[in-house]
Amino acid sequence: MFIKISLFNIWKYRKRTLLVVFIILVSVFFMCLFSGMFDGMAKGFYDNMLLESGHIQIHQKGYKDSVDSLSLDFLMDNVDTMINDTSQISGIIHVEKTINFGAILLKDDKNLTISGHGIHQDTPFYDNAKKNIIEGDFIENNQTIVVSSEVCDLLDAKLGDYIFVMVQDKNHSAWFQDYKIGGIFKSQSSQFDTWNFFISHQAAEELLDASGYTSEIKILMKDIKEAIAIAKELQIKLGPMFEVEDWKQIHGSLVIFIKLFDLYVIFFNLLVIIVSASVITNAILMIQFDKVREFGTLRAIGLKKRQLFGLVVTEGIIEGLVGASLGVMLAVPLILYFQTNGLNIGEMMESFGLGSSLNFSLEWDSMMVNFISGILVAFGGSLYAARVSSKRSIINSLHFV
Amino acid sequence: MDEIIRFKNISKDYHLGKSVIHALKDIDFAIPQGSFLSIVGPSGCGKTTMLNLLGLIDKPSQGEIYFKGREISNLSDNQQSELRLASFGFIFQSFNLIPVLNIVDNIEFPLILAKTSKAERKKRVMRLVDIVGLRDFIDHKPDELSGGQRQRVAIARALVNEPSLVIADEPTANLDSITGESILEVMEQLNKEEKVTIIFSTHNLQVMKYAKEIIHLKDGVIESRKKVSAP
């Protein structure tokens, strides 16, 4: 009967009920949208950034404190045995050496300062370039170079053209080599595109006069959670001549950023909850004011205070259920849309390696939390009204005008 | 005859700012079971206050109230609710029905609070619907009924839990004289047939004549109390 009365009351005071439901709907909708955006950002970080950097990296001692991350002063030699041994460790699915170096690309009278990467053609890393090839292939042979379409535009070059790569080699001598553009990529990050090119690892060794050397070893784990323990184990095994960093150390500032974002989400949700709860409390209070005499009658015929309290709260919970359901139902299609098509956020997040398009992610855990939050907001909002209604004396209620 | 209710030195004061209004002053009386008693007097004499105290919907400033020999003025809020539900029925001047419920649901509501079985609820509600003559209106909402019909619903609701005492505050005040009389006839019939004690307030002479006993209130004190002989 309480639910029946609540439902009838909801219908009778439908304009104010609609206001309450609408506020809950909007609150839950934005909380869901924000969660979807944040989850997408976090997923983008874990899926893309970690696939660029690997879960563990090994460098020569001194690299970590070096100002220039592309310096050739920290090259490691004879790493093949180390790579083979490391590959055997349980939980590691891929180990690969990379040479990273600074260079100037030249074509005719145009030049561009850029980072070069000597990698393997079948690398599981650098998906940003590898999966976004728009012309040609990704590292055909030791004579080809892969650049972005933006670099091509800047150098006025096209597929098949030759460009010069000028470097300071391992011995600090200037050197250059021409390569044929064998592949052109276009990722979602303009910053990534203008800052990176790729040649084979062997081509890089020859270019830098660093045969048998590499600058970085990247390791990919089956389970990211094991990375920290494996990194520590590797550090002990390899000794002090090498620096082993797990993904948290590699992306220290980004990890803090992601954690901060966790706080932002909580703060945002709290703000939404406080604002909506206060509006809902007032709206519910107004509805209950219209029913004071009715409540007085119910109390007079035997309804207990706590039953009256329950009656008011039941109404709030029903409104919360409806509003929160609608909020989730409206947010999910939008999140799915942005999950597929991405949201263009300009170059704002590129410094975090997230690209100019942010793909949302639909996480049902987050949706459930937001749904429950919506119901709790309505519950909280109705608590005060329920308290006011149940505390009022019967005689006051019956004579309330 | 056993007494159903007793007021012992009851006073009720209302504080309005700095002034104090003495609505009832040291009232002392008892009402036997099965009474059909009217409390009469001019406006502001304390009729409604007395009924509110009788029905435990207000608290006395001083004194004790006994129901069937047991003090009830010191009960907790929950105990008073339980007593009201089990033993008291209320009929209000302006009907006070639940607007969102239909006739049957309005009458049934006290039985749901009392956790009466569904079959018993249906039996009792339909019996009372027949007694108050509203069989053809059971699906109607209160605002689809006339004033007299609404008051009949309120009477049925007041009686559905088979209370020992029904309290009616000016039950005919919002009704025309013919409808008012028909309501009192129903109340009189229920008092006779169901043996329910009924106490009602009025300031209408036409209504007073239905009472078997009349208490005259004036300025918060009982001025007189007399039995009315049957015509």
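This is a predicted model: local features need pLDDT of at least 70, side-chain atom pairs count only at pLDDT 80 or more; totals for chains, interfaces and linings use all residues.
Okay, chain A first. Look for helix H12, residues 305-341, and helix H13, residues 364-391, both in chain A. The crossing of H12(A) past H13(A) is right-handed. And what kinds of residues make up the contact of H12(A) with H13(A)? They split into 19 nonpolar, seven polar and two charged.

Still in chain A, let's go to some strands. As a reminder, strands in a sheet pair through backbone hydrogen bonds, and they can do that parallel or antiparallel. The strand to watch is S8(A), residues 174-185. Strand S5 of chain A, residues 133-136, pairs with S8(A) in the antiparallel sense, over three bridges. In that pairing, Ile133(A) has Phe185(A) as its bridge partner. Then there's strand S6 of chain A, residues 144-148, which pairs with S8(A) in the parallel sense over five bridges. Find Val147(A) there, and you'll see Ile184(A) of S8(A) opposite. Strand S7 of chain A, residues 162-168, is antiparallel to S8(A), with seven bridges. Tyr162(A) sits opposite Lys180(A) in that pair. S7(A) and S8(A) also make a hairpin, with five residues between them. In the turn of that hairpin, His172(A) has a positive phi of about 65°.

Why did I mention phi? Well, most residues other than glycine have a negative phi. Asn78(A) is a non-glycine residue with a positive phi, about 50°. Where is Asn78(A)? Asn78(A) is in the loop between strand S2 (76-77) and helix H3 (80-87) of chain A. Asn78(A) has a relative accessible area of 67%, so it counts as exposed.

Lys115(B) isn't a glycine, and its phi is positive, near 60°. You'll find Lys115(B) in the loop that links helix H3 (103-113) and helix H4 (118-131) of chain B. Is Lys115(B) buried or exposed? Lys115(B) is exposed, at 70% relative accessibility.

While we're on chain B, let's look at its sheets. One is an open sheet of four strands, ordered S2-S1-S4-S5 in chain B, with antiparallel pairing. Its edge strands are S2 (19-32) and S5 (70-71) of chain B, and each of them pairs on one side only. Strand S1 of chain B, residues 3-16, is joined to S2(B) by ten bridges, running antiparallel. Ile5(B), for instance, stands opposite Ile31(B) of S2(B).

Next comes an open sheet of six strands in chain B, in the order S6-S7-S8-S3-S9-S10, and this one has mixed pairing. At the edges are S6 (88-91) and S10 (221-227) of chain B; each has a single partner strand, so one side of each has no neighbour in the sheet. On average, neighbouring strands in this sheet are turned by 15° against each other, if you ignore direction.

Now zoom in on S3(B) in that order. Strand S3(B), residues 36-40, has five of its five residues buried, so the rest of the structure largely encloses the strand. Which residues point which way from S3(B)? Phe36(B), Ser38(B) and Val40(B) point one way, while Leu37(B) and Ile39(B) point the other way, and all are buried. S3(B) runs parallel to strand S8 of chain B, residues 197-202, with five bridges joining them. Phe36(B) has Ile198(B) as its partner in S8(B). S3(B) is also joined to strand S9 of chain B, residues 213-218, by four bridges, again parallel. There, Val40(B) has His216(B) as its bridge partner.

Last stop: Gln151(B), which lies in helix H5 of chain B, residues 147-159. Gln151(B) is at 0% relative accessibility, and that is why it counts as buried. What does the side chain of Gln151(B) reach? It reaches the backbone oxygen of Pro171(B), at 2.8 Å.

That's my tour, thanks!

Notes:
Residues are numbered from 1 along each chain as its sequence is written. Chains are lettered from A and ligands numbered from 1 in the order in which they are written. Side-chain values use heavy atoms; hydrogens and water are left out. Buried means under 20% relative accessible area, exposed over 50%, partly exposed in between (1.4 Å probe, protein chains only). Helices (H or I, at least four residues) and strands (E, at least two) are DSSP runs, numbered from the N terminus. Two strands pair if DSSP finds at least two bridges between them. Axes are lines fitted to C-alpha atoms, for helices over the stretch in contact, and angles run from 0 to 180 degrees between N-to-C directions. A crossing is left-handed if the near helix is turned anticlockwise from the far one by less than a right angle, and right-handed if clockwise. Ala, Val, Leu, Ile, Met, Phe, Trp, Tyr, Cys and Pro count as nonpolar, Asp, Glu, Lys and Arg as charged, and the others, Gly among them, as polar. A polar contact is a pair of N or O atoms within 3.5 Å; within protein, one must be able to donate a hydrogen and the other to accept it, and residues adjacent in sequence count only if both atoms are side-chain atoms.
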